[in-house]
Amino acid sequence: MTFPTSTLTLPAPRPFLKWAGGKARLIPQYLPHLPQRFETYHEPFLGGGALFFYLAPQLKSAYLSDLNPELVNVYRCVRDHLDDVLTCLEKHQLHHSQQHYYRVRAERDLAPIQRAARLIYLNKTCYNGLYRENQQGHFNVPMGRYKNPKICNPELLAATSEALQIAEIEQRTFEAAATLARGADDFVYFDPPYHPISDTSCFTAYSRFSFKAADQERLRATFTQLAERGVSVLLSNSDCEFVRNLYQGFTIHPITAARAINSKASKRGKVGEVLVSNSVGR
């Protein structure tokens, strides 16, 4: 099926994936802490890309990256092969069932476009929109309980595809991504896996790419190097003593987020987070 995306009335771009720690609802709290002027946007921990999609209509260029190859692939395919992705999603929408879900979840060695559609389909139909992998890198979340999930959304995907046309999208470490930001015309936003605030709230184990305290310290060193080059830098993380101590000397802004990733509804609610910046809305 061919989708005439050129004739669609496109909404504002926004995330097309559910993602743990997504920032869409936090954008108003971020706005006072964004640099007033910059030419190029960098986001090394892409995830759902909420801040990028919010800023995209005003951007001329962007460098987006993540360590997760499936995530990088889905963004590239939505950018470059939208009609083919939509065709695959239409088939998933038509055949969605418990049997179909687990058959798709077990698939391996697919071509890039089929892999992209697979990720979107599983993301829209899995339990709580969670992305989790085993140590072999295989998605292992059970099916969620949705009566009529919207698996194929041509309008939203066309809007995000259009926004992504300005972006280079690569699989990179955050250190490699940071080398692309050279000075005052660059803005880098880091949204790493959050440092756990308790033994039962570890947000770092949703894929085989775990993120430990030593990685947080490496990220702090990269943040400092960027600041010394005159790059505008913003970082989000959990509000805890470890993070506050790590970023002593920079400006720390407390914010409040509603999080719903706990399997027990009674333990979901508002949690403290911080934004760390090397400038105050310049």
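Student: What volume does the largest cavity have?

Tutor: Let's start with the general idea. Rolling a probe the size of a water molecule over the atoms shows where empty space is left. In this predicted model, the largest cavity has a volume of about 30 Å³. Searching the whole structure gives one cavity of 30 Å³ or more.

Student: Which residues line the largest cavity?

Tutor: Among them are His33, Leu34, Pro35, Phe187 and Asn278. Strand S5 (residues 232-238) supplies the largest share of the lining, three residues.

Student: Now the rings. How many aromatic pairs does the structure hold?

Tutor: A pair of aromatic rings is described by the distance of the centres and the angle of the planes. The structure holds 18 aromatic pairs. One of them joins Phe223 and Phe250 edge-to-face, at 4.8 Å centre to centre with 75 degrees between the planes. Phe223 belongs to helix H9 (residues 213-228) and Phe250 to the loop between helix H10 (241-246) and strand S6 (251-259), so this pair ties together parts 27 residues apart in sequence. Both Phe223 and Phe250 are buried.

Student: Which residues do ring pairs link into a cluster?

Tutor: The cluster consists of Phe16, Phe38, Tyr41, Phe52, Phe53, Tyr75 and Phe187.

Student: Why is helix H7 described as largely enclosed?

Tutor: Nine of the 11 residues of H7 (residues 154-164) are buried, so the rest of the structure largely encloses this helix. The buried residues include Pro154, Leu157 and Leu164. Their cover includes helix H3 (69-80), helix H6 (112-125) and strand S3 (167-171).

Technical notes:
Residues are numbered from 1 along each chain as its sequence is written. This is a predicted model: local features need pLDDT of at least 70, side-chain atom pairs count only at pLDDT 80 or more; totals for chains, interfaces and linings use all residues. Side-chain values use heavy atoms; hydrogens and water are left out. On a 1 Å grid over the protein atoms alone, a cavity is a set of points where a 1.4 Å probe fits but cannot get out, and a pocket is an open set with protein on both sides within 12 Å along at least five of seven lines; lining residues have an atom within 4 Å of a point. Grid points are joined across faces, edges and corners, and a volume is the space filled by probe spheres set on the points. Helices (H or I, at least four residues) and strands (E, at least two) are DSSP runs, numbered from the N terminus. Buried means under 20% relative accessible area, exposed over 50%, partly exposed in between (1.4 Å probe, protein chains only). Contact means heavy atoms within 4.5 Å. Rings of Phe, Tyr and Trp (its six-membered ring) pair if their centres lie within 6.5 Å; planes under 30 degrees apart count as stacked, over 60 as edge-to-face and the rest as tilted.
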